[in-house]
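Let's take a friendly walk through one protein model. Have a look at the sequence and structure first, then read on.

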Amino acid sequence: MTASTEHATVGVVGRHWGTASTIRQINLDDLRIVSDNVLELDGHTAPGPFAPVALSEAVSDIDALRQAFVADMNALAERGADGGTRGRHVADVEMEAQIWRGGYEKPMFAVPNDYIAWFFLGVVPPKEPDAGTIAVFDPRAGSAMTAMPGLPWGRQLTITPAAGSLAVVPGWLTCSIVPVEKGEVIAVVVATSIT
């Protein structure tokens, strides 16, 4: 598949606490968008747990990746965040390539954009299964961060980094990045919607 080819598939829109999200796997052999040495990029900065890198160094077909992000965000917009109200059309995305290494973490955050997404370019897996995952919570009043038997609230959606995985959630959801384990490396492109 090339950048000029229309993507036939988008992420399947699923519901978590009634809120739409998508998570899908892109076959990296079919869509050649990841640079060969992506896990070795250091962003030309001092070694540390976080390094932004030039998008052109991490991604070989930026337009194909942009199309994948926009397609999945628009799939969510068409379904509506609350099961009926359509979201705003996503015209483009702002993307940043990042390398996460042992010790990197990000406390709870949300973005002002309609959607935020992650595409995992490459992963050196951790020994602990939750290390480096993205935890997504519903911050609305009445949805305590404690699991309730038989109710969806209080349960986090966990996105496990895997090469080729693309995940999109509404920007208003509260997200955090669980600390990355020593020896683990995650190369990721983070995208936010532009309407």
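Which residue in S8 is the bridge partner of alanine 135? The partner is threonine 158. Before going further, note that this is a predicted model, where local features need pLDDT of at least 70, side-chain atom pairs count only at pLDDT 80 or more, and totals for chains, interfaces and linings use all residues. Residues are numbered from 1 along each chain as its sequence is written, and side-chain values use heavy atoms, leaving out hydrogens and water.

Strands here are DSSP runs (E, at least two residues), and helices are too (H or I, at least four), numbered from the N terminus. Two strands pair if DSSP finds at least two bridges between them. Here is how strand S7 (residues 134-137) pairs up:

| Partner of S7 | Sense | Bridges |
|---|---|---|
| S8 (residues 157-159) | antiparallel | 3 bridges |
| S10 (residues 174-177) | antiparallel | 4 bridges |

On the S10 side, isoleucine 134 has isoleucine 177 as its bridge partner. S7 is also covered on both faces: Ile134 and Val136 on one side, Ala135 and Phe137 on the other, are all buried. Buried means under 20% relative accessible area, exposed over 50%, and partly exposed in between (1.4 Å probe, protein chains only).

Now for the cores. A nonpolar core is a set of buried Ala, Val, Leu, Ile, Met, Phe, Trp, Tyr and Cys residues joined through side-chain atoms within 4.5 Å. The largest has 31 residues, and those touching the most other members include Phe69 and Met73. H2 gives the largest share of this core, 7 residues. Apart from it lies another core of 21 residues, including Ile134 and Val136.
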